[in-house]
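Here is a friendly walk through one protein and its ligand, written to be read beside the model. Have the sequence and the 3D view open as you go.

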Amino acid sequence: MDFNDIVEHIFASRWISGTRMEDAIKSSKHFNALGIRTIINYLGEEITKQEMVDATVDTYVRLIRYIKNYGINADISVKPTQLGLSISEQEAMSNYSKLVKDARLSSVFVWLDMEGEPTVDSTIKMYLSEVQQGGVGICLQAYLKRTESDLQRIAKSGGVVRLVKGAYSSSKSKSFTTWEEVTRNYAKLMQLAYEQCTEFTIATHDTEMIRKSIELNKKYKRKVTYAMLKGIRNRLAASLAKDNKMSLYVPFGEQWISYSYRRLKEAGHLKLLLKSLFERQGV
Ligand SMILES: Cc1cc2nc3c(=O)[nH]c(=O)nc-3n(C[C@H](O)[C@H](O)[C@H](O)COP(=O)(O)OP(=O)(O)OC[C@H]3O[C@@H](n4cnc5c(N)ncnc54)[C@H](O)[C@@H]3O)c2cc1C
């Protein structure tokens, strides 16, 4: 085992299911047995080579077949820059449309991940081009000031939102920059989602936000799903799954470095990180 293998083993294996599609299917079966749906993501981002974009689209098409053939309870989640957004908006739009049409034939739900702030306009445009036919959802990030109006726009279109705090950063003029501000905005957007959307996903490990959401649902009675990332709070996810719809985001693939780096940054300080890595999670 060289240094890279050790780092991969310690960090990435906690957060990703493995390098092969079969690993994601195996993880999904495991979580499905606990009443948890999965959201499978093929790792990769900011792709600028056409042949790599084409290969990524093919991988997702194969993944859709696998999910259907194995009867797995899973959605897929794709990053716009995996579909060619770093090449052109048109390239990403056309690949998204192809993928979504294919997924609809297999009844597989397709999420659009949200990436850095400069990609938000194009991502929403991609989403709105397919929202009417259904079977699609979009991630929105509480750290961005624009998200309140984006959420209202998507609610009006009848779209399905996955609300997250956001794993990227932007300027002070465009974003909330402290944890407190982002969390306050998350709570505000959650309230808005309850008022304006019938179906949405609360994607957070923040137990206070989850508690607030469960409270709000007593009043609004919406179709709410809770979602977490694999390997952060699996035990809490399993316990929430007893009374709620629950999903776990399960990535697979060779490109695990950027994804794991974002998780490392979120861990904040060593204590949290070690807790997440070594806590016996039970699932
Ligand atoms: C299903 C799902 C899909 C996502 N999709 C996107 C997306 O498309 N675009 C995007 O920008 N972001 C996405 N994210 C990431 C999200 O934006 C946050 O970066 C991430 O969820 C951490 O924020 P939090 O809401 O859990 O709250 P935080 O306040 O960051 O965390 C709450 C608590 O959770 C625990 N925790 C959180 N992260 C870690 C960690 N890495 N290690 C150990 N403990 C941790 C800690 O105890 C922390 O106190 C997604 C998250 C989920 C759950």
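In general, a disulfide is a covalent bond between the sulfur atoms of two cysteines. Cys139 counts as buried because its relative accessibility is 3%, and Cys197 is buried too because its value is 4%. Buried means under 20% relative accessible area, exposed means over 50%, and partly exposed is in between (1.4 Å probe, protein chains only).

A word on the basis: this is a predicted model, in which local features need pLDDT of at least 70 and side-chain atom pairs count only at pLDDT 80 or more, while totals for chains, interfaces and linings use all residues. Residues are numbered from 1 along each chain as its sequence is written, and side-chain values use heavy atoms, with hydrogens and water left out.

Now to the ligand. Around the ligand are 26 residues, of which Gly166, Trp179, Thr204, His205 and Glu266 come nearest; a residue belongs here if one of its heavy atoms lies within 4 Å. This shell holds 14 nonpolar, five polar and seven charged residues. Ala, Val, Leu, Ile, Met, Phe, Trp, Tyr, Cys and Pro count as nonpolar, Asp, Glu, Lys and Arg as charged, and the others, Gly among them, as polar. Strand β7 (223-229) is among the elements that supply at least two shell residues, and β7 gives the most, with three. Helices (H or I, at least four residues) and strands (E, at least two) are DSSP runs, numbered from the N terminus.

The table gives polar contacts, meaning pairs of N or O atoms within 3.5 Å.

| Residue | Protein atom | Distance to a ligand oxygen |
|---|---|---|
| Ala167 | polar backbone atom | 2.9 Å |
| Trp179 | polar side-chain atom | 2.6 Å |
| Arg233 | side-chain N or O atom | 3.1 Å |

Taken alone, the ligand exposes 930 Å², and the protein buries 90% of that (Shrake-Rupley method, 1.4 Å probe).

Is Ser175 buried or exposed? Ser175 is buried because its relative accessible area is 3%, and it is found in the loop between β5 and α7 (179-196). A polar atom of the Ser175 side chain lies 3.1 Å from the backbone oxygen of Ser170, and one lies 2.7 Å from that of Ser171.

Tyr70, in helix α3 (residues 50-70), counts as partly exposed because its relative accessibility is 46%. Leaving out residues up to four places away in sequence, Tyr70 touches Ile25 and Lys29, where contact means heavy atoms within 4.5 Å.

Note on methods
Polar contact = N/O pair within 3.5 Å; in protein donor to acceptor, adjacent residues only side chain to side chain.
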